[in-house]
Amino acid sequence: MPKDMPSQLDPRSPLVLDTRDLPRRPGALRTHRRVVPAPADLGVELITVPEGADLDLDLRLESVSEGVLVTGTVTGPVKGECGRCLREIDDSVAVTIQELYAYENSTTDDTTDEDEVGRMQGDLIDLEPALRDAVVLALPTNPLCREDCPGLCPDCGVHWDDLPADHSHQQIDPRWAGLSQLTRTEE
């Protein structure tokens, strides 16, 4: 059992699945639909699922010879800020989960590394690590408020969308100022 894993799972925890009603014969399956609160720190630096936000789980638990295969989708809100213009992002994320959880004392214990396959504790499955991996990997490290976000003017810090098309901070070197007169047309 990994060092950071609690010694005993709490069956009342929203991200712990109880498989007692799932027969341990290959092919048996059960579906689970539930809304659970998002755990803390579910995200990356600029975008995250707010702690306690509703996550919709639509899961299928299927008995296989060595354990339980959990597949399904997780959907929830994300909040953050644009990596170009710093505007607030209020969006949603939908990810697919597929994780095998091996029965205790199965041959999987001998044939796989400890972190390669999830492990069941009795009839309980801790879904949080798989959920965390799927959601965090689906989030962009540099989120954008929109695909064509122009960002901020590097000189004045104003949103490019809010500036006129001819906005510029170009300064002419006084030694070359006389040349600019050559391109002007006489009125």
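**Close-up views of the predicted model**

**View 1. Surroundings of Leu-131.** Beyond its neighbours within four places in sequence, Leu-131 is in contact with Leu-15, Leu-42, Leu-55, Leu-57, Val-74 and Ile-97. The coordinates shown are those of a predicted model.

**View 2. The largest nonpolar core of the chain.** This core comprises 35 residues. Val-49, Leu-55, Leu-57, Val-68, Val-70 and Leu-131 are the members with the most contacts inside it. At least two core residues come from each of β4 (47–49), β5 (54–64), β6 (67–81), β7 (88–102) and α2 (128–138). The greatest contribution is that of β7, which supplies five residues.

**View 3. The buried acidic residue Asp-126.** Asp-126 belongs to strand β9, which spans residues 124–126. Although Asp-126 is buried, it forms no salt bridge. Arg-132 provides the nearest side chain of opposite charge, at 8.9 Å. A polar atom of the Asp-126 side chain is placed 3.2 Å from the backbone nitrogen of Glu-128. When residues up to four places away in sequence are not counted, Asp-126 touches Leu-9, Leu-15, Val-16 and Tyr-101.

**View 4. The whole chain, for orientation.** The chain contains three helices and nine strands, arranged along the sequence as β-β-β-β-β-β-β-α-β-β-α-α. Of its 187 residues, 33% are buried. Among contacts with a separation of 6 or more, 59% join residues 24 or more positions apart.

Notes
Residues are numbered from 1 along each chain as its sequence is written. This is a predicted model: local features need pLDDT of at least 70, side-chain atom pairs count only at pLDDT 80 or more; totals for chains, interfaces and linings use all residues. Side-chain values use heavy atoms; hydrogens and water are left out. A nonpolar core is a set of buried Ala, Val, Leu, Ile, Met, Phe, Trp, Tyr and Cys residues joined through side-chain atoms within 4.5 Å. Buried means under 20% relative accessible area, exposed over 50%, partly exposed in between (1.4 Å probe, protein chains only). Helices (H or I, at least four residues) and strands (E, at least two) are DSSP runs, numbered from the N terminus. Contact means heavy atoms within 4.5 Å. Lys and Arg count as positive and Asp and Glu as negative; His and the chain ends are not counted. A salt bridge is a side-chain nitrogen of Lys or Arg within 4 Å of a carboxyl oxygen of Asp or Glu. A polar contact is a pair of N or O atoms within 3.5 Å; within protein, one must be able to donate a hydrogen and the other to accept it, and residues adjacent in sequence count only if both atoms are side-chain atoms.
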